[in-house]
Amino acid sequence: MARTQRDDSLDTSSTLLARALEDTAGAALVLDAELRIAHKTPGAERLVGGTISIGQLAPKVLCGAAVDRPIAEALAAGRAVTGLVHRPLAGGRERVLRVRANPLLEGEGSSARRVGWLLLLDEERTDDAEATAPVLFHGMWTTDPSMKRVFHVIERAARRDATVLVRGETGAGKELVARAIHALSPRAKGPFVAINCSALPATLLESELFGHSKGAFTGAVRDNAGFFRAAHKGTIFLDEIAEIPVELQAKLLRVLETRTVLPLGGREAVPVDVRVVAATHQSLRAAVERNAFRADLMYRLRVVPIFLPPLRQRPRDVALIAQRLIEALNETGGRRIARISPGALAAMQRYAWPGNVRELQNALEYAYVVGEGPVLTEGELPFELIDPSASGEASATVVSAPPPAPEPVANDASKSIGKSNDVLRIERALERVGGNRERAAQVLGISRVTLWRKMKALGMEP
Ligand SMILES: Nc1ncnc2c1ncn2[C@@H]1O[C@H](COP(=O)(O)OP(=O)(O)O)[C@@H](O)[C@H]1O
Ligand SMILES: [Mg+2]
């Protein structure tokens, strides 16, 4: 290729040109009409964070395979834009580059022809650029400063055996926190045992936790060590701890104090070496005030309290986590979503996400399956996102003192159908499936009969 076989004198002159460019315009890249890099300045390489070869495609160099590629798309479409590009740095951090794309024109007025681009690069300087850079911590993505403080607490708490109490709404990542604590602790090679305390009636929960000996009760046909002993030398994760029956609370307290368990029907207490991480979606203090939870047990558990903010209080995380989840969905095949439409993103950022990241996962999976094409559009999102009033949840803009999160309600889409928006959605769904009502109802998550009734009510019947 001619480009790589330049002679020395040409190299020298392009180096000079690059210096001159950087002196006057700052870090920059010059692209030809095909978006290949024709010139680069030293500062551009420093900001992009790696060697840039002449002749490479600029969108690839700048955006890689990221889902959010406003610059790449604008250039491809011939639009002059300013946009942000995230470049990975060591340690999971990112640098945010501001890229201003200026077309290089030849000729005048209406006969002007674009022959290339001048890209001016500089680092996006927010005061807290560091604080808001995306990070990945043991499966948790965030840009949120309070989440990053949580990560620091986890790192420090993990090293010691202190009992941790994680408070957060359902789907906010409590179990990931527990797993991170385990993975970062000296017990990492030991077992991690998770149990949901709200799932079992008292007697069953007691024998699951502390074990039982053969014959301890009808049906106890053999010895059972129980979860505490199964977690020996490791970590036990007691999820929904506020739901543990009162009669078991005293027993749990004794286990924590004596570090021994007494199996049901057993005579001797058995020593256990276990680190406890507990989690709750509701306030333990409130449960104590209701006399539903023992105060002494609460103090035992909340040696290191960790509060996970709900997703609606970290709106930047919605976009970040959505992008990461879409990249993962794209890997599953069937569809390649290249970007999220601005309308869809706005809807996701408005929504209150009572089920937090788990609900976001479900919503994207739904959109991935019911939609098609490279753009995830608003119409592909589940009903409750488009019309939040229908789900009865507070809007995302109401962030102060959210009510205790309910479990995410089953997707009762029929309830969500209200007014004019629905005509649009139904039309879109019908269009997408070539007019087949049965399929349209499936896509909308409602029954065929409900669809028929709604269409009639909305005056859509022929
Ligand atoms: N910050 C995050 N980034 C990416 N995925 C997350 C994040 N927080 C939670 N998840 C995912 O969301 C789901 C719910 O998380 P989980 O820890 O089970 O929540 P909880 O125990 O609070 O209900 C899991 O699939 C988890 O991997
Ligand atoms: Mg959970």
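1. Domain bounds here come from an automatic or database domain assignment. Domain 2 (135-307) and domain 3 (311-396 + 410-457) both give residues to the shell around ligand 1, so the ligand lies between them. This is a predicted model: local features need pLDDT of at least 70, side-chain atom pairs count only at pLDDT 80 or more, and totals for chains, interfaces and linings use all residues. Residues are numbered from 1 along each chain as its sequence is written, while chains are lettered from A and ligands numbered from 1 in the order in which they are written.

2. The overall make-up comes next. The chain holds 19 helices and 16 strands. Helices (H or I, at least four residues) and strands (E, at least two) are DSSP runs, numbered from the N terminus. Of the 462 residues in the chain, 33% are buried. Buried means that 20 or more other C-beta atoms lie within 10 Å of the residue's own; exposed means 12 or fewer, and partly exposed is in between, with C-beta atoms placed from the backbone. Among contacts in the chain with a separation of 6 or more, 64% join residues 24 or more positions apart. Two residues are in contact if their C-beta atoms, placed from the backbone, lie within 7 Å.

3. Now the ligand site. Ligand 1 is surrounded by 16 residues, and the closest are M140, G173, K174, E175 and V357. A residue is near a molecule or strand if its C-beta atom, placed from the backbone, lies within 6 Å of it. β7 (140-142), α6 and α14 (356-370) each supply at least two residues of this shell. By type, the shell has 6 nonpolar, 7 polar and 3 charged residues. Ala, Val, Leu, Ile, Met, Phe, Trp, Tyr, Cys and Pro count as nonpolar, Asp, Glu, Lys and Arg as charged, and the others, Gly among them, as polar.

4. N356 deserves a look. N356 lies in helix α14. Its phi is positive, about 55 degrees, although N356 is not a glycine. Most residues other than glycine have a negative phi. N356 is buried, because 25 other C-beta atoms lie within 10 Å.

5. Next, the parallel sheet. An open sheet of 5 strands runs in the order β9-β10-β13-β8-β14, with parallel pairing. β9 (192-196) and β14 (304-307) stand at the edges with a single partner strand each, so one side of each has no neighbour in the sheet. From one strand to the next, the twist averages 20 degrees. Helix α6 (residues 174-184) packs on this sheet and touches β8, β9, β10 (235-239), β13 and β14. The direction of α6 makes about 165 degrees with that of β10. Axes are lines fitted to C-alpha atoms, for helices over the stretch in contact, and angles run from 0 to 180 degrees between N-to-C directions.

6. Strand β8 shows the pairing in detail. Two strands pair if DSSP finds at least two bridges between them. β8 (residues 164-167) pairs with β13 (residues 275-280) in the parallel sense over 4 bridges. Here V164 stands opposite V277, and V166 stands opposite A279. Another 4 bridges join β8 to β14, also parallel. In β14, V166 has I306 as its bridge partner. V164 and V166 point one way from β8, L165 and R167 the other way, and all are buried. In a regular strand the side chains alternate between the two faces of the sheet.

7. The antiparallel sheet has 5 strands too. This open sheet has the order β2-β1-β5-β4-β3. Its edge strands are β2 and β3 (82-88), each pairing on one side only. The twist averages 30 degrees from one strand to the next. β1 and β2 (residues 37-40) run antiparallel and are joined by 3 bridges. The partner of L31 in β2 is I37, and that of V30 is H39.

8. Check the β1-β2 hairpin. It has 4 residues between the strands. L35 sits in that loop and has a positive phi of about 70 degrees, although L35 is not a glycine. L35 is partly exposed, because 18 other C-beta atoms lie within 10 Å.

9. Last, A27. A27 lies in the loop between α1 (8-25) and β1 (28-32). It is buried, because 21 other C-beta atoms lie within 10 Å. Leaving aside neighbours within four places in sequence, A27 is in contact with E22, T41, G43, A44, L47, L121 and D122. A27 and E123 are 96 residues apart in sequence and 9.7 Å apart in space, C-alpha to C-alpha.
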